[in-house]
Amino acid sequence: MDATAAIRQLREGQKPQWPTNADSQNFAQSLDNNDDFPKTLRKEFVVPTKAQLKRKSLKDDAHTAAPASSTDDEAIYFCGNSLGLQPKAVGEYLNAYLKTWGSIAVGGHFTQLSDSPLTPYQDLAAECSRRMSDLVGASPSEIVAMNTLTINLHLMMAAFYKPTEKKHKIMCEWRPFPSDWYAIESQIEWHGLNPKESMVLVKPDDGYLMTTSNILNLIDQEADSLALIMLPGIQYYSGQLLDIPTITAHAHKHGITIGWDLAHAAGNVELKLHEWDVDFACWCTYKYMNSGAGAVAGAFVHSKHGDNGSNVGLKGWYGHDKTSRFLMDNNFKPTPGAQGFQCSNPSIVDLTCLAGSLSVFQQTSIANLRSRSLLLTAYAEHLLAGIASRNIKDGAFPFQIISPTDPRFRGAQLSVLLQEDLMEDVSAALEQGGVICDKRKPGIIRVAPVPMYNTFEDVWRFMRIFEEALADGGKQEEQVQRQGNAPAAVEARL
């Protein structure tokens with residue numbers, strides 16, 4: 001198979017032609033060994049073994065401490081859309097931080113140790129912004145590493161949501177991640193407004209997907225009352241990648257400010273936030289940027305806003321220009337750009353983890369990662385289609401993929417909607433087989449092969465376990481149905 005040609009087809013929205021042996025381990029391994037397109041950086045990550053997944057204490061014994069002796073011993077980790085695997089560099093960076101703190105103490109804020117991967121604490125947030133710039137398509141001055149995702153959403157809305165009697169509504173999706181809903185709801189309430197009257201919900205009009213045309217039409221309909229639009233770059237449940245440039249341009253045509261939650265998009269797909277004229281965006285770094293649970297988040301403010309000190313909604317000491325920050329004169333002078341939106345002295349531990357994880361990205365590019373991701377996800381889609389066709393029961397498929405079929409409008413995630421009676425059994429079988437993937441109610445298993453560390457052989461191994469789980473789940477359901485005529489069995493199920 002010509003992998004380079006297949007990636008080119010996927011980038012054009014077409015499906016590649018898979019060979020007849022595509023569902024074989026040899027084929028998966030041939031893609032992993034192909035030098036014609038970007039290879040995995042798996043060796044830079046800590047991949048847990050199946051035994052380690054069962055750990056009950058921090059103390060290793062010989063069983064859990066032993067490295068994987070073969071690929072089959074490694075866990076299949078398809079959960080990078082919730083928490084990325086640990087880069088080995090993070091441990092090295094944390095050790096450097098602990099040595100710095102333990103030796104020169106407060107001097108770590110201003111002193112560069114010659115053999116340390118860390119910049120001085122005072123400059124670390126700016127260094128992380130520099131390293132994230134290519135990942136989101138912005139200049140370093142338009143990016144700031146600070147806080148966590150929801151706090152940054154609040155800060156951005158405090159700066160950009162300026163409701164009036166006529167224009168007071170915020171447009172968002174019909175089922176945003178709960179934190180986004182709560183943030184939008186509370187910002188509306190903060191201004192003394194009723195969320196039921198001031199929230200415009202974009203609902204799916206194509207199954208589980210929101211079409212661009214529907215979003216544009218809704219903007220047209222509500223333009224006179226919209227104060228702000230805030231949408232997800234990638235919708236967490238379906239995995240749909242929205243058409244950010246088209247929607248952004250349409251919002252601006254009506255003079256409406258638009259921001260994006262890029263929690264599932266940053267580090268996953270190619271972004272050009274400055275070029276697309278996005279007003280603001282926020283993202284977490286613990287998913288595809290692999291910075292650790294609850295890690296420091298990122299925010300983008302377009303340069304057309306960021307150099308204007310009056311746009312900083314809520315001021316804080318660390319938003320003050322560092323050239324005069326220590327004058328302590330209480331005369332706020334915002335740092336030019338997005339970093340003027342900082343409030344607090346950032347957690348250096350969090351920034352250390354982020355800097356370590358971003359160092360791995362310096363070995364590749366977001367374009368290369370996207371190319372690899374397109375082929376990985378398309379391969380998973382192809383194998384899932386084969387499994388579905390082989391497991392039809394009573395004329396129905398056991399599952400459907402609700403993510404977009406057009407590869408240009410999805411990231412490294414396929415959302416698999418299972419028949420309700422299969423969900424728990426299949427999830428349990430996957431866990432038993434050493435598979436870690438995300439379960440989201442109702443009925444979705446989110447399968448996310450991450451191009452940084454997942455392989456085509458991971459995809460192939462997952463499919464074997466998944467198909468066996470489907471078969472076993474179906475047998476268990478048939479057994480329950482056969483026993484259903486017995487009163488005792490019915491009572492037991494109730």
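What follows is a short exchange of questions and answers about this model.

Guide: This is a predicted model, in which local features need pLDDT of at least 70, side-chain atom pairs count only at pLDDT 80 or more, and totals for chains, interfaces and linings use all residues. Residues are numbered from 1 along each chain as its sequence is written, and side-chain values use heavy atoms, with hydrogens and water left out.

Visitor: Which residue does UniProt list as "modified residue: N6-(pyridoxal phosphate)lysine"?

Guide: The record is an unreviewed entry. UniProt positions are given in the numbering used here, feature names are shortened, and annotations may be inferred rather than shown by experiment.

Visitor: Is Lys 287 buried or exposed?

Guide: Lys 287 sits in the loop between strand 9 (280-283) and strand 10 (298-301). Helices (H or I, at least four residues) and strands (E, at least two) are DSSP runs, numbered from the N terminus. Buried means under 20% relative accessible area, exposed over 50%, and partly exposed in between, with a 1.4 Å probe and protein chains only. Lys 287 has 9% relative accessibility, so the call is buried.

Visitor: Which residues does Lys 287 touch, beyond four places away in sequence?

Guide: Contact means heavy atoms within 4.5 Å. The partners of Lys 287 are Gly 80, Asn 81, Ser 82, Leu 83, Gly 84, Ala 263 and His 264.

Visitor: Where is His 264 found, and is His 264 buried or exposed?

Guide: UniProt's unreviewed entry lists His 264 under "binding site". Its place is the loop between strand 8 and strand 9. Beyond four places in sequence, its contacts include Lys 287, Tyr 288 and Arg 446. With a relative accessible area of 6%, His 264 is buried.

Visitor: How many Å apart are the farthest two C-alpha atoms of the "binding site" residues?

Guide: UniProt's list includes Leu 149, Asp 180, Asp 261, Trp 317 and Asn 345. The listed residues span 197 residues in sequence and do not all gather at one spot, because the farthest two C-alpha atoms are apart by 30.8 Å.

Visitor: In what order do the 7 strands of the open sheet run?

Guide: The pairing is mixed. Two strands pair if DSSP finds at least two bridges between them. Strand 4 (143-145) and strand 6 (199-202) are the edges, each pairing on one side only. The order is 4-10-9-8-7-5-6.

Visitor: Which residue in strand 10 stands opposite Cys 282?

Guide: Strand 9 and strand 10 pair in the antiparallel sense, over 4 bridges. Opposite Cys 282 stands Ala 299.

Visitor: Why do the buried residues of helix 4 lie on the same side?

Guide: In helix 4, Ala 89, Val 90, Tyr 93, Ala 96, Tyr 97 and Thr 100 are buried. The arc is that of the directions from the helix axis to the C-beta atoms. These residues share one side of helix 4 because their arc around the axis is only 125°.

Visitor: What do the buried residues of helix 4 pack against?

Guide: The face turned away from the buried side carries exposed Glu 92, Lys 99, Gly 102 and Ser 103. The buried residues pack against strand 3 (86-87), helix 5 (121-136) and helix 12 (348-361).

Visitor: How many residues of strand 12 are buried?

Guide: Leu 414, Val 416 and Leu 418 are buried on one side, and Ser 415 and Leu 417 on the other. Strand 12 pairs in the antiparallel sense with strand 11 (residues 399-401) over 3 bridges, and with strand 14 (residues 444-447) over 4 bridges. For strand 12 (residues 414-418), the buried count is 5 of its 5 residues.
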